[in-house]
Amino acid sequence: MTQSNMRRANQHARIKREPGSHQPMANSGLARIDEDDNSTVAHSEVERRMQRSDAPSADTRLAPGASVIGDMDVDGEDEDDECMLMEVKTKTEAVEQDLPTPRSFVHMDRSFIGPGQALKDFGQELKDINDALGELQARGIQHVVSLPELVLVGDQSSGKSSLMSAIAGLSLPRSSGTCTRCPIHIRISRADEWSCRVFLKEDYAFVPRDHPITLQDVTDRDRFPPWVKLDPSRQTRKEFKTIRDRFDAEEIETLLRCAQVAILNPSTPYRFFVPRLKNESGQSDAARREHLDRIKEKEAHGEAQFSPNTVALEVKGPDLADLNFYDLPGVFITAKRPEDRFLERVVRNLTCEYISRQNAIILWAVPMNQDAENSFAFKLIQEMNAEDRCVGVMTKADLLPRETNGFSSWLSMLNEQAHHTGLGYFITSRQGSDLDEQNKFEEAFFNRTADSASMGQWPEIFEKYRDRCGIERLKEFLSITLGREFSKVLPEVKQKVHNRLLRIEEQLEKYPNPPPNPEMEIMRSLAEFATNVKTRVLQQEFMSQWDCLFAEPFKKRILGCKPKFNVKEPDVITIDDNSPMATPAPLGQTPRKRSLAQEITMTPSKRRGQIKVEDSDRMIMSPSTSATMRGTPGPGNFPFSPGPGGGPPPRSKNLMELRTIIRRSAIPGQPGLVSASVYEPLYTEAARTWGPHLENFVNQTIQFLQNEVMKILDNAFSNLKNRAVYRESVEHMKYFMEKHKEEVRNQLNLIYNLETQRIFTKDEDALQRNKAAEKRILERHRHFLRMAVRTGESPAIRKMEELTEEELVQEQAKMTKELKVIGPDPYDQEITVAAYVRGYYLTAASRFIDIVAIHIMSGLLPRVASVIDTYLHEKLGLYSRTSGSGPEIFMRLMSEGPETERKRSELKVEKERLDQAMEIIVNLENKEQMATATAANSQAMQMMSQGLGGQRPELSIRTSANGGAATPVSERAPTPIGTYEA
């Protein structure tokens with residue numbers, strides 16, 4: 001049949017009513033009116049005549065050139081876009097149970113004709129729910145909570161394009177390559193005027209590789225090379241363009257093609273790809289064509305062949321359903337070119353990612369002219385265990401092979417015996433050049449009302465599944481299912497959005513906005529800092545705290561380094577100050593020398609004659625004289641590492657060692673005289689142990705002062721901590737403290753070197769007092785040791801400071817009497833030398849301690865207070881004599897680090913999105929409350945008008961499930977954003 005004859009046959013085709021075709025099409029998924037329902041008023045004869053006839057409309061025509069079953073030629077040029085949708089379940093009763101029935105379905109027109117005709121009276125509640133869901137998805141909150149969504153998947157040439165166009169009620173482009181190289185998100189809803197807004201949703205950044213991408217580049221961590229996932233706060237949604245002429249398919253195709261080219265060329269500003277439409281003024285046709293040619297050039301040589309970023313459509317119109325869904329590129333097994341093999345895995349990864357979303361409802365497009373066993377898309381659905389939330393869509397029913405055995409596989413699927421899907425199947429058949437023709441073709445095809453010679457017939461074996469035939473039935477099912485799933489998770493969505501908002505607000509507190517007057521804020525903070533530092537470091541409380549924590553411990557450590565001497569017999573154990581310990585020798589015998597090893601290995605029986613005396617002070621000992629003689633540290637060199645202990649304690653010297661030192665230094669021919677060179681090494685050996693204690697004291701003092709200064713700085717700059725002025729001030733003050741630390745260290749090291757050079761003092765009185773006191777202590781200990789040797793007793797020796805004046809007098813008298821018995825001490829000269837060394841040490845140590853402390857109290861602290869006023873001003877450039885303090889300096893000081901600015905910007909962007917999301921949720925809740933109140937009010941009014949109630953009831957919504965107080969609807973305020981109701 002020629003094309004003209006075909007057109008003529010289509011124009012004059014006689015629509016036949018097959019036997020039984022006068023019966024209305026079964027629709028078990030729709031609400032019905034029970035005949036015995038008392039609340040339903042019977043329709044009048046006029047009302048029944050006003051209803052649409054069960055017969056198809058007279059203008060139902062076969063679309064010109066459409067492919068049908070029969071002996072007509074099949075035009076396969078647009079095979080990928082010709083889709084017919086029909087979901088099938090074996091038991092229609094199950095469908096009735098699964099699908100809730102809105103009240104508006106009772107009188108719904110049951111025709112297939114016209115996009116959205118079956119849903120034009122769809123309940124406002126369902127519309128509000130799906131609109132809210134679409135708005136939330138557009139806000140990009142999936143990183144906070146998973147939202148229900150429809151995802152359309154299928155193999156290449158499975159009829160997805162026509163299916164998408166039919167669901168959207170939009171003549172989407174059918175040319176190859178359009179809307180197939182990136183996901184497309186379509187949101188459709190009812191509105192008074194038709195419009196189509198296009199957006200570019202960028203969730204991934206384009207990161208080019210330095211080599212051609214291969215299959216090895218696609219890994220579990222890098223699933224979409226060369227695209228890298230962006231942080232949620234950096235993801236963007238850019239409005240591309242809006243068109244308002246729904247009948248200009250060419251313009252729609254051009255717009256969507258340009259949007260996809262923009263997605264695939266991210267380095268070029270997206271506005272370059274926005275096309276100029278025909279009806280736009282200000283541009284000639286030649287300029288418009290030239291611009292489109294440049295876009296086509298970009299399309300032919302795009303930066304990327306594929307993108308996980310999304311082209312988003314918001315389609316509104318008076319006869320549209322309320323739906324939103326994702327259409328993914330068709331999966332394929334074999335790429336056309338070897339260099340494109342990586343795209344096989346990339347598209348697979350993208351499909352799996354969308355399928356794996358637990359709240360996603362999967363639409364699987366499977367063409368009836370191909371074997372479902374070969375569907376790669378369904379294999380992915382099975383791998384992701386998503387069959388239970390999948391609805392199968394059998395497309396291209398008009399191309400179903402006529403062989404009887406060809407029906408069996410599809411009937412098995414419809415009967416849930418093969419390729420099980422939890423939501424059943426629908427069946428579609430889309431043929432025609434536009435939506436109207438496709439809808440008319442589909443109705444005539446499934447009703448089997450067209451001339452069989454020209455249209456072919458839908459096999460009667462599928463008759464019992466007719467309630468799942470047609471695009472309108474599919475949209476009805478999807479809209480209700482999606483709205484139902486969203487209603488289930490809405491409380492969880494609201495709670496998670498609210499929790500995330502609270503966390504963002506907490507984080508934003510760490511990144512406050514700049515003050516309104518930065519210059520005044522900086523100067524105020526600097527003045528507060530300088531004033532508080534001066535006040536603090538000169539306070540008596542601060543100085544007393546420093547003295548208690550550091551000065552007093554330093555004093556004890558220095559005094560504790562006093563030289564130690566044994567006044568016992570040379571081979572007996574060590575004593576310390578007021579605590580002699582001795583092993584007495586038999587009376588009249590000279591003590592025998594015993595090595596240290598012999599002393600250690602003595603049996604307890606041999607030690608029972610020892611005198612045990614408590615240690616009066618656990619002081620730090622100096623190195624032994626022998627060690628000093630071998631290598632004495634030079635002036636200014638600390639012999640030990642800094643620390644509270646000051647190094648290992650030195651071995652004390654006994655009387656025999658001291659006698660040896662005296663004899664070696666003696667001048668021949670001058671018996672009884674002690675050389676001055678004996679005293680100095682014994683003193684300097686002990687004094688040089690001050691080094692580590694001094695270093696430790698300086699470090700602790702400066703750290704203590706720095707901690708106080710930094711605490712004051714933090715408080716003064718509390719509102720500017722994320723600004724450059726605070727960061728620079730911290731660094732300047734650290735340098736400031738290091739500088740003063742070095743100054744103090746140098747000053748005190750000089751004093752330390754002077755004290756360790758030689759014995760020198762002009763304070764003769766102090767030296768004589770200290771020497772006399774030390775000699776008395778040594779002689780007292782020595783006396784008790786000598787008496788213990790003579791008597792063989794082991795008396796406990798009390799410390800001198802524990803005795804009263806009377807007890808001291810009595811002890812002295814006793815010692816004088818006992819001295820006549822034991823005679824003069826043979827080591828009197830050594831005792832005198834030891835007393836002088838210890839006496840001078842106390843004189844020098846007291847002088848050193850005072851000088852060190854006064855350098856801090858009267859030097860460091862006042863010096864810090866005197867220069868703090870101007871130090872930071874100069875370092876920050878605010879007190880410069882050359883540059884002054886212009887606005888550019890304050891701009892620099894108020895600047896934030898790039899990381900801080902980026903973080904605050906990201907948090908603000910996310911907060912704005914979530915605030916909008918919360919407003920959408922609360923508005924939906926308020927609408928639901930109003931709808932409930934209105935429905936209750938209408939019911940009450942109807943009851944009153946029928947005389948079923950004596951008075952008008954009060955309408956209220958319970959706030960609790962246990963019968964708590966009720967709030968009248970009229971008095972109930974809308975739920976504010978961020979609050980929740982039980």
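Author: A salt bridge joins the side chains of Glu-695 and Arg-745, at 3.0 Å from N to O. Glu-695 belongs to helix H21 (residues 690-716) and Arg-745 to helix H22 (residues 724-755), so the pair ties together parts that are 50 residues apart in sequence. The model is predicted: local features need pLDDT of at least 70 and side-chain atom pairs count only at pLDDT 80 or more, whereas totals for chains, interfaces and linings use all residues. Residues are numbered from 1 along each chain as its sequence is written, and side-chain values use heavy atoms, with hydrogens and water left out.

Reader: Why is the contact of Glu-695 and Arg-745 called a salt bridge?

Author: The term requires a side-chain nitrogen of Lys or Arg within 4 Å of a carboxyl oxygen of Asp or Glu. The pair Glu-695 and Arg-745 has 3.0 Å between N and O, and meets that rule. The count by this rule is 47 salt bridges.

Reader: What makes Glu-695 and Arg-745 count as buried or exposed?

Author: Buried means under 20% relative accessible area, exposed over 50%, and partly exposed in between (1.4 Å probe, protein chains only). Glu-695 has 12% relative accessibility and therefore counts as buried. Arg-745, with 17%, is buried as well.

Reader: How do you know which class Arg-524 and Glu-521 fall into?

Author: These residues form a salt bridge, with their closest N and O atoms 3.1 Å apart. Arg-524 has a relative accessible area of 35%, so it is partly exposed. Glu-521, at 12%, is buried. They are 3 residues apart in helix H14 (residues 518-537), which means about one helical turn separates them.

Reader: What parts does the salt bridge of Lys-494 and Glu-925 tie together?

Author: The side chains of Lys-494 and Glu-925 meet at 2.6 Å, N to O. Lys-494 lies in helix H13 (residues 471-508) and Glu-925 in helix H27 (residues 898-945), so the linked parts are 431 residues apart in sequence. Lys-494 has 3% relative accessibility and thus counts as buried.

Reader: What makes H24 a helix, and how does its reach compare with the expected span?

Author: Helices (H or I, at least four residues) and strands (E, at least two) are DSSP runs, numbered from the N terminus. H24 (residues 805-822) has 18 residues. The expected span is 1.5 Å times one less than the number of residues. H24 reaches 25 Å from its first C-alpha to its last, close to the 26 Å expected.

Reader: Why are the buried residues of H24 said to line one face?

Author: Leu-808, Glu-811, Met-815, Glu-818 and Ile-822 are buried in H24. Down the axis of H24 they fall within an arc of 95°, so they line one face of the helix; the arc is that of the directions from the helix axis to the C-beta atoms. The other side of H24 has exposed residues, among them Glu-805 and Lys-820. Helix H23 (764-791) is part of what covers the buried residues.

Reader: Why is H20 called largely enclosed by the rest of the structure?

Author: In helix H20 (residues 679-687), 7 of the 9 residues are buried, so the description applies. Tyr-679 and Leu-682 are among them. For the chain, 49% of the 982 residues count as buried.

Key:
Contact = heavy atoms within 4.5 Å.
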